[in-house]
Amino acid sequence: MRVLVILLLTLTTCCGQSGQSQVEAVLKQLERAEQTGDFDKYAGLWTREKAAELENIRRYARARPEVHYRVIKTFVQGDDAVLLAQLTSDNFVTMLLRKEDGQWKIQNQAFRNTAPNVNSVYALLPPAPGSFARAGSHWEQIAPAVAPDWQLKAVFDEAYLYIRIESNAALPAPGSTTTKSPGVWPVLKIDTSDAGEFVMFDAVNIGDQATFDEHGKANSHRPYASYMIRLEQKDHEIFSTSADLHPSPLLDVTGRDYDIRIPLKAMGIQDSRATKITIGDAQWPKSVIVSLAVQRYPR
């Protein structure tokens with residue numbers, strides 16, 4: 001039995017390393033394609049849908065021998081992967097990849113001028129639901145902290161910190177037409193016993209969806225509800241996400257409830273069994289609005 005366990009652990013580790021090396025090999029191929037200006041090779045590294053879109057930039061392809069990528073972190077989860085890389089001192093890229101016909105393909109990428117937090121990969125590829133969600137997310141069992149126009153509930157399990165903001169009035173669904181933000185909540189401070197202190201910005205913004213005529217001129221505008229969160233530590237962003245015209249696996253708005261899920265690994269918490277979490281407004285521990293000790297849900 002012991003030999004079998006060791007063998008299974010070895011195979012799991014090898015498979016994980018194999019997936020990581022395969023994803024990083026795609027980055028090396030991308031680097032070579034950009035260096036040589038080989039657009040066919042470049043487009044072939046993307047998913048079929050994205051490759052079709054890239055045809056619009058074929059005429060701009062040129063050799064760029066100065067391009068060099070340095071891997072910062074690679075995270076593989078099933079048939080999906082996230083890769084963080086650096087090009088120059090102020091040019092970083094986050095890539096989302098997925099398997100298509102058994103081959104890793106680039107699905108999307110985003111550039112930024114500051115280094116990404118390595119734990120952001122756990123928000124870009126969130127874990128499976130934890131025990132609280134699997135049990136049915138019984139929020140009625142969680143005691144709230146009450147403010148004048150809303151109340152706050154929070155609970156955590158082995159995978160997530162779950163936060164629910166309950167408004168006194170119904171909230172517009174993400175992406176639905178609205179001209180006025182339905183509410184304002186305080187910036188929340190999250191204090192953990194083993195990973196330090198975090199600040200979470202949560203808001204409902206008004207987005208603008210435009211349509212365009214054949215000349216590329218906007219001919220209509222539609223305001224819509226856009227929900228967002230941003231988690232920071234020591235004034236540096238860990239991750240941000242939004243639910244608007246596109247859904248987010250970490251945000252859900254139904255009726256009066258604004259539900260937020262923060263992967264514990266994104267906060268650097270690997271084992272929540274000894275973790276203690278307190279949530280308050282930005283003035284915590286001298287909170288003037290809300291403060292609560294977060295309950296841990298049993299596994």
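Reader: Which residues touch the most other members in the largest nonpolar core?
Author: L161, I163, I190, Y258, I262 and I279 do, in a core of 54 residues. A nonpolar core is a set of buried Ala, Val, Leu, Ile, Met, Phe, Trp, Tyr and Cys residues joined through side-chain atoms within 4.5 Å. Buried means under 20% relative accessible area, exposed over 50%, and partly exposed in between, with a 1.4 Å probe and protein chains only. The model is predicted, with local features needing pLDDT of at least 70 and side-chain atom pairs counting only at pLDDT 80 or more, while totals for chains, interfaces and linings use all residues. Residues are numbered from 1 along each chain as its sequence is written, and side-chain values use heavy atoms, with hydrogens and water left out.

Reader: What does I262 touch?
Author: Leaving out residues up to four places away in sequence, I262 touches A159, Y160, L161, I163, I190, M200, L231, F239 and M267. Contact here means heavy atoms within 4.5 Å.

Reader: Which residues does the second core include?
Author: L27, V67, A85 and I106 are among its 22 residues, and this core is separate.

Reader: New topic. How many aromatic pairs are there?
Author: Eight. Rings of Phe, Tyr and Trp (its six-membered ring) pair if their centres lie within 6.5 Å; planes under 30 degrees apart count as stacked, over 60 as edge-to-face and the rest as tilted. One of the pairs is F75 with Y122, edge-to-face, at 4.9 Å centre to centre and 65° between the planes.

Reader: Where do F75 and Y122 sit in the chain?
Author: F75 is in strand β1 (residues 70–77) and Y122 in helix α4 (residues 121–124), 47 residues apart, so the pair links distant parts of the chain. Helices (H or I, at least four residues) and strands (E, at least two) are DSSP runs, numbered from the N terminus.

Reader: Are F75 and Y122 buried or exposed?
Author: Both are buried.

Reader: And why is the pair of F132 and Y162 tilted?
Author: The ring centres of F132 and Y162 are 5.1 Å apart and the planes are at 55°, so this pair counts as tilted. F132 is in helix α5 (residues 131–134) and Y162 in strand β7 (residues 160–167).

Reader: What sits over the ring of Y160?
Author: The charged end of R261, 4.4 Å from the ring centre. The cut-offs are NZ of Lys or CZ of Arg within 6 Å of the ring centre and within 35 degrees of the ring normal.
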